[in-house]
Amino acid sequence: MVDLTTTLSGIKLDNPIIPASGTFGFGYEFAEIYDINILGSFSFKGTTKDARFGNALPRIAECESGMINSVGLQNPGIEKVISEELPRLRKCFNKPVVANISGFSIDEYVYCCEKIDKEDGVGIIEVNVSCPNVHNGGMAFGTDPKNVYDVTKAVKEVTTKPVYIKLSPNVTDIVSIAKAAEDAGADGISLINTMLGMKIDLKTKKPVIANKMGGFSGRAIFPVAVRMVYQVYDAVKIPIIGMGGVATAEDVIEMMLAGASAVQVGAENLVNPYACKDIIENLPKVMEKYGIEKLSDIIGGAH
């Protein structure tokens with residue numbers, strides 16, 4: 001009998017499979033088609049201080065082996081997430097959830113993280129630093145080690161739950177960003193977020209996405225994600241949640257060999273709503289094929 005369990009900052013998961021933020025809503029939508037309690041956990045939709053309608057349409061474009069999105073963090077805002085979405089979620093999911101938090105200033109991150117930290121159903125706070133810093137010229141927080149350090153430190157001062165910093169791959173040195181998060185007290189790292197991509201319509205000769213560019217995700221980015229997880233594992237001593245193009249049980253094992261303690265599944269949920277269920281069901285067979293008895297034993301095994 002193989003052992004699928006893993007641990008993130010003292011939280012034991014039945015398996016390492018976590019649907020990624022923005023691809024699984026607030027869970028109850030998927031609970032209508034299968035029992036989502038089979039998941040290790042899941043990361044709910046990126047939440048900001050104020051409600052956001054998101055970016056102009058069109059904001060989704062299909063690509064070869066992936067997709068581009070520029071949804072723009074559409075969400076009802078932190079107050080409604082706490083008062084409406086989380087109570088609804090608790091009716092169909094009985095495990096600690098990952099709360100994905102976004103912000104456009106350090107004050108916004110602090111406000112949202114302090115609020116969500118008080119919620120019993122939240123196990124981990126995942127801080128998305130891919131947002132533009134409105135007080136510093138609009139450059140994304142996650143592209144500057146100092147900004148990442150400042151956000152992490154500020155959030156850690158108002159929270160008691162584990163804080164994982166979700167890093168952008170749109171940088172030249174992912175290691176320095178990860179180390180800045182660790183130095184500021186982060187409990188873990190999530191990576192990678194989407195890569196910056198673009199698609200042009202040959203008929204109109206204009207960008208497909210209204211915002212021109214958006215986040216490229218899907219199977220095509222998997223090798224980049226594995227590389228970055230591998231690099232960060234060598235550089236930090238805190239756990240990593242790996243993601244980016246994960247679509248199969250084999251991908252999960254590869255990501256864990258690179259150094260991930262758990263694995264998020266993103267765009268594949270939009271292609272196949274049963275993706276996470278299929279991966280969980282296939283994992284034991286794939287583990288047996290490769291002689292793996294305990295999944296947690298292979299974390300970082302490729303180093």
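Mentor: Start with Val2. Beyond its neighbours within four places in sequence, Val2 is in contact with Pro284, Met287, Glu288, Ile292 and Glu293. Keep in mind that this is a predicted model.

Trainee: Where does Val2 lie relative to the strands?
Mentor: Val2 is in the segment before strand S1 (6–8).

Trainee: And how far apart are the C-alpha atoms of Val2 and Ile292?
Mentor: 7.5 Å, although 290 residues separate the two along the chain.

Trainee: Is Val2 buried or exposed?
Mentor: Buried, because its relative accessibility is 17% and the cut-off for buried is under 20%.

Trainee: New topic: Glu108. Which helix is that in?
Mentor: Helix H3, residues 106–116.

Trainee: What is the nearest side chain of opposite charge to Glu108?
Mentor: Lys49, at 6.7 Å. Glu108 is buried and has no salt bridge; the limit for one is 4 Å.

Trainee: On to rings. How many aromatic pairs?
Mentor: The count is 6. One of them is Phe24 with Phe42, a tilted pair with centres 5.4 Å apart and 50° between the planes.

Trainee: What does that pair tie together?
Mentor: Parts that are 18 residues apart in sequence, because Phe24 lies in the loop between strand S3 (17–19) and helix H1 (28–31), while Phe42 lies in the loop between H1 and strand S4 (60–63). Both Phe24 and Phe42 are buried.

Trainee: Which rings have an Arg over them?
Mentor: Arg88 lies over the face of Tyr28, 3.8 Å from the ring centre. The charged end of Arg59 sits over the Phe53 ring, 5.7 Å from its centre.

Trainee: Backbone now. Where are cis peptide bonds?
Mentor: One joins Leu57 and Pro58, omega about -10°. Pro58 is in the loop between H1 and S4. Another runs from Leu191 to Ile192, omega near 10°. Ile192 is in the loop between strands S9 (188–191) and S10 (195–198).

Trainee: What about phi of Lys212?
Mentor: Positive, about 75°, and Lys212 is not a glycine. Lys212 sits in the loop between strands S12 (206–207) and S13 (213–217). Its relative accessible area is 49%, so Lys212 counts as partly exposed.

Conventions:
Residues are numbered from 1 along each chain as its sequence is written. This is a predicted model: local features need pLDDT of at least 70, side-chain atom pairs count only at pLDDT 80 or more; totals for chains, interfaces and linings use all residues. Side-chain values use heavy atoms; hydrogens and water are left out. Helices (H or I, at least four residues) and strands (E, at least two) are DSSP runs, numbered from the N terminus. Buried means under 20% relative accessible area, exposed over 50%, partly exposed in between (1.4 Å probe, protein chains only). Lys and Arg count as positive and Asp and Glu as negative; His and the chain ends are not counted. Rings of Phe, Tyr and Trp (its six-membered ring) pair if their centres lie within 6.5 Å; planes under 30 degrees apart count as stacked, over 60 as edge-to-face and the rest as tilted. A charge sits over a ring if NZ of Lys or CZ of Arg is within 6 Å of the ring centre and within 35 degrees of the ring normal. Contact means heavy atoms within 4.5 Å.
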